[in-house]
Amino acid sequence: MTRIAKRPPDVLVRIVADRWTEPFWSAACDDRLTCAQCANCGRFRMPPSPFCPYCQSQDLNWPDLPGTGTVYSFTVVERAVLPGSEDSIPYVAAVIALDGAEPARLISNIVDSDADAIRIGAPVRVVFDHLSDGQSLPRFVLSENPA
Amino acid sequence: MSETFGLKDRTAIVGLGATPYWKRGQSAPCTLQELICTAIIAAAADAGIAVPDIDGFAYFATDFDTGGLMETLGIREVGFSSMLTGSGGGSAGAVGLASAAIVAGLAETVVVVCGVQQGALRYGAMPSTYDATAESCFYQSAGLVGPGHMFALLAERHMHLYGTTREHFAEVAISTRANALTHPAAIMKKPLTLDDYFAAPMISTPHCLFDFCLETDGAIAVIVTSTDRARDLRQKPVYVHASAQGGAGEWGRSIYWMNMPDDSFAASGHAAVARQLYARADVGPSGIDTAQIYDHFTSQVLMQLEDYGFCGKGESGDFVASGAIRFDGGSLPVNTDGGQLSGGYIWGMSHIREAVDQMRGTAANQVRDARFALVTGGPSDIPVSGLILRAAA
């Protein structure tokens, strides 16, 4: 039987932004996937931080990314992490290598996909979860094995 | 490096004290301060030092109250009270911190102590209790609740790159359990088979129940003093031969960030510390007789074996499969007390305890003629740390 990758318990999803991460989350509200790119040297970094580690510049670009990527690593969480959260099992936490933003990676989830078909290197594409508090969260589905 | 400015063999561990190890929550109604003070009093007695003569404290990772310890134990005056930052990575390094204070003349008799008492809050879920911040909400919202989830991502990548298998993780768990069976302090007393391992519930792939360390209550303290003074004390001194703390910037926030470069993602973060450590020591990996390796997860034992140079990068699976880390016949007996997987989990202090026993020649599973012992702190964000102890001739 196919096991569908679910979502982690909602209680864990609390988006907090500061001036350096806010553009990432506001883009997500518009269904856009972006990544912090140094405006001086062009290198990408995630999560967004206040200085470029290569050139110390604080200037950033927030380009639209294609919204695709590959699974860099993943774990299928099979044991409920919080009391009463059994319904969320299994969910898949993953590190996603973002197309168009190499070498930056995003910690996220693979959802609505065959949990047992996930492999490192598998192509994924972004979906956006719109949360009840108005925030939005990019997550990913398998491009070739959607549920 | 001139020895005049180094720490090599200039200090020694002269006292060792511990409470029993209890399964999580079983130490009630003892308080955490009571456990810690019990360990300190026992360490002072072991050394033949009067408790009020303690004049320094070196900690790591946890929230300690030196003033409270002084009042409770009747300690007259302290010249040093410091903590290695970070999370669990500093256990081995706290001994070096104590040594540095002694060599610098800041204190003479320094305690390194850690106590663990897990009640309602399980340490494995601690990151989920941190208030969400602009940094943490990236991993928290992905459901990375505890280190067991985070290190699973590194383990999966290691399997992908190097062909490491769950059988290799199992060998760490099984060999460590075998050591626990013959160690009186260890909690787990039932043999572990490969069938048991594969029958265990999966927690977070590829980690099953037996890839996780125990949840333990207890406390352990050691006392460090100058080598000159150590010669006059009760126990055979165990020299602090080399110490290192820190790590490479590319490892940085590691499991909380997941943007380490590709060639160091499936790793323990210890490679830079290992280089520093061996550069300060008389021995390299081949001179280490026993290694007490921080085993919060089996997969991280493998990656530390690589980062400390006991085998090549990606070769740790084959290394353990050869029987190399077994107490019975292995070239590098690892976690001879049952480790944190099967002995007790006191945030790395049990590894220091076991290394001291090995260097005294009094260990339950004594490695014959052991002269140098490696101790590692927990792979985590920076700083991580390592320690080499040397037996007195």
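Why is Gln56(A) exposed rather than buried? Gln56(A) has 11 other C-beta atoms within 10 Å, and a residue is called exposed if 12 or fewer other C-beta atoms, placed from the backbone, lie within 10 Å of its own, buried if there are 20 or more, and partly exposed in between. The structure is a predicted model, in which local features need pLDDT of at least 70 and side-chain atom pairs count only at pLDDT 80 or more, while totals for chains, interfaces and linings use all residues. Residues are numbered from 1 along each chain as its sequence is written, and chains are lettered from A and ligands numbered from 1 in the order in which they are written.

Gln56(A) is located in the loop between strands E2 (44–45) and E3 (60–61) of chain A; helices (H or I, at least four residues) and strands (E, at least two) are DSSP runs, numbered from the N terminus. In space, the C-alpha atoms of Gln56(A) and Cys38(A) are 9.1 Å apart, with a sequence separation of 18 residues.

In chain A, an open sheet of three strands has the order E2-E1-E3 with antiparallel pairing, where pairing requires at least two DSSP bridges between two strands. E2 and E3 of chain A are the edge strands, each pairing on one side only. Two bridges join strand E1 (residues 36–38) of chain A to E2(A) in the antiparallel sense, and Ala36(A) is opposite Arg45(A) of E2(A).
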